[in-house]
Amino acid sequence: MAARLKSTIWPQAGATSIDVSLSTPAVAISLASDGRTIQVTTGGEKASTNSYDMVFNTTALGPLQQMDLSGLNLDRDILDGIRALSYDRATKVAINFNKRWWTGFYPNVDAVHHGGGVSSSDLPLGFTVYPSWNNGDGTNVLIASCTWAQDASRMAALVPDYTDPSTPTPSYTGPIAAVCLEESPTLKDFHGYYITHHAWAWSHDPCTCGAFALFGPGRFQNIYPEFRQLLANSRLTI
């Protein structure tokens, strides 16, 4: 995506080149001393502070709370909203097999190419999503587990830190894969088709701090309007 934005020939010749700075997380946002521009301080190896006429902040509220916003002089209602508006949890486990064994589940061949399928269970794996696509590249990925709320928290406890060199190579005997395969009478017979797996918990991701907004009773009516007012009267949009 960054390469496409930097291109001067995409989507057409003469396009404006946009250089995206990567690995430079915003750590602070404040009003400049002139009161007319917004200063954004980034961290990482190329830490810097730059001024902008307007800033569009597209992070979720969880990551926004991690930034230093004291220099914006935000109303208490806005700060309470950033803290209180909640995001639900979600955890998914994708398993790559060497065979699309689930295609036999469909009643006709058209469903294999168009319909896909979803099954639910009271087991820890929650929902299983059977994809309808076939890229013909030997990749046969099944969403073996898709969970929300408390189920997601329990599955998230089994998700390893993939950035840690000491994390074992994914295996169907690993804790989270074992929950998905061993406890399911349908999937436990397919160990021979297993290649690898990857699990992700959005509540553990510092860039999201949750999967999707799930505002509690009255919060959308009583708290969220303050954000709309901020958008209308500020050079900063959240």
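These legends accompany several close-up views of a predicted model. Local features need pLDDT of at least 70 and side-chain atom pairs pLDDT 80 or more, while totals for chains, interfaces and linings use all residues. Residues are numbered from 1 along each chain as its sequence is written, and side-chain values use heavy atoms, leaving out hydrogens and water.

**View 1. The protein as a whole has eight helices and 12 strands.** Helices (H or I, at least four residues) and strands (E, at least two) are DSSP runs, numbered from the N terminus. Of the 238 residues, 33% are buried. Buried means under 20% relative accessible area, exposed over 50%, and partly exposed in between (1.4 Å probe, protein chains only). Contact means heavy atoms within 4.5 Å. Among contacts with a separation of 6 or more, 56% join residues 24 or more positions apart.

**View 2. Five strands build an open antiparallel sheet.** The order is β7-β8-β9-β6-β10. Two strands pair if DSSP finds at least two bridges between them. β7 (117–120) and β10 (194–201) are the edges; each has a single partner strand, so one side of each lacks a neighbour in the sheet. From one strand to the next, the twist averages 20 degrees. Axes are lines fitted to C-alpha atoms, for helices over the stretch in contact; angles run from 0 to 180 degrees between N-to-C directions.

View 3. Phe-127 stands opposite Cys-146 in β9.

**View 4. Helix α5 has buried residues along one face.** Ala-152, Met-155 and Ala-156 are buried in α5. Down the helix axis they fall within an arc of 100 degrees, so they line one face. The arc is that of the directions from the helix axis to the C-beta atoms. An α-helix has 3.6 residues a turn, so residues three or four places apart point the same way. The cover over these buried residues includes β6, β9, α6 and β10.

**View 5. The largest nonpolar core has 19 residues.** A nonpolar core is a set of buried Ala, Val, Leu, Ile, Met, Phe, Trp, Tyr and Cys residues joined through side-chain atoms within 4.5 Å. Val-93, Ile-95, Phe-97, Trp-101 and Leu-142 have the most contacts inside the core. β6, β9, α5, α6 and β10 each give two or more residues. α6 gives the most, with four residues. A second, separate core has 16 residues, including Ile-38, Met-67, Leu-69 and Leu-72.

View 6. Cys-209 is partly exposed, at 27% relative accessibility. Cys-180 is buried, at 0%.

**View 7. Asp-53 sits in a loop between two strands.** The loop lies between β3 (48–52) and β4 (55–56). Asp-53 is exposed, with a relative accessible area of 57%. Gln-39 is 14 residues away along the chain, and the two C-alpha atoms are separated by 9.0 Å.
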